[in-house]
Amino acid sequence: MDKQLESKIKETLENVKPWQRVPTSLEGVFLIKAPTKGTQESIMVEINPLDEFGRPIKRRGIFIQHKVQLERFLEVMQESRLMDFLDTLDAMAGIGREENVGTLEI
């Protein structure tokens, strides 16, 4: 365990309210201080990729409290049939792949 990182996290959490989203140096990864359970701090990570303007793409992302949870999400997301399923849903909704739009010179 990285004691320096642990110290930074504890220091950061002292200055935030429960459910406040704290950006990290990892793009799309936020630290969340959940309400305390008894005497134990409840800390989560929110994974919420950023859009082209630097804002989270969803109102709420995926909340992870333990490493095993992330591992299980990754297993599901790496399932090849998931992409096929989402392609079908996009086609049914009339959503195609985004076209790259060039910069407008003014």
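How many residues does helix α1 have, and how far does the helix reach from its first C-alpha to its last? Helix α1, spanning residues 3-14, has 12 residues and reaches 17 Å, close to the 16 Å expected at 1.5 Å a residue (the expected span is 1.5 Å times one less than the number of residues). The model discussed here is predicted, so local features need pLDDT of at least 70 and side-chain atom pairs count only at pLDDT 80 or more, while totals for chains, interfaces and linings use all residues. Residues are numbered from 1 along each chain as its sequence is written, and side-chain values use heavy atoms, with hydrogens and water left out.

Taken as a whole, the protein holds three helices and four strands, where helices (H or I, at least four residues) and strands (E, at least two) are DSSP runs numbered from the N terminus. From that terminus on, the order of elements is α-β-β-β-β-α-α. The accessible surface comes to about 9,400 Å², and carbon and sulfur atoms account for 55% of that (Shrake-Rupley method with a 1.4 Å probe; for residues, only the protein chains shown count as cover). Among contacts between residues at least 6 apart in sequence, 10% join residues at least 24 apart, a contact being heavy atoms within 4.5 Å.

The sheet comes next. Its four strands are arranged as β1-β2-β3-β4 in an open, antiparallel sheet (two strands pair if DSSP finds at least two bridges between them). At the edges stand β1 (21-23) and β4 (62-64), each pairing on one side only. The twist from one strand to the next averages 35 degrees (axes are lines fitted to C-alpha atoms, for helices over the stretch in contact, and angles run from 0 to 180 degrees between N-to-C directions). Three bridges join β1 to β2, and R21 stands opposite I32 in β2. These two strands form a hairpin with five residues between them, and G28 in the turn has a positive phi of about 85 degrees. Seven bridges link β2 to β3; in their hairpin, which has two residues between the strands, G38 takes a positive phi near 65 degrees. Between β3 and β4 there are three bridges.

The helices can then be placed against this sheet. Helix α1 lies across β1, β2 (29-37) and β3, running at about 65 degrees to β2. Helix α2 (residues 67-77) packs on the sheet and touches β3 and β4, its direction making about 140 degrees with that of β4. At the start of α1, a side-chain oxygen of D2 comes to within 3.0 Å of the backbone nitrogen of Q4.

E46 lies in strand β3 (residues 40-47) and is buried, with a relative accessible area of 0%. E46 is the bridge partner of F30 and stands opposite F63 in β4. The side chain of E46 makes a polar contact with the side chain of N48 at 3.3 Å (a pair of N or O atoms within 3.5 Å; within protein, one must be able to donate a hydrogen and the other to accept it, and residues adjacent in sequence count only if both atoms are side-chain atoms). The E46 side chain also reaches the backbone nitrogen of G61 at 2.7 Å. Leaving aside residues up to four places away in sequence, E46 touches several others, including R21, G28, I32 and R59.

Key:
Buried means under 20% relative accessible area, exposed over 50%, partly exposed in between (1.4 Å probe, protein chains only).
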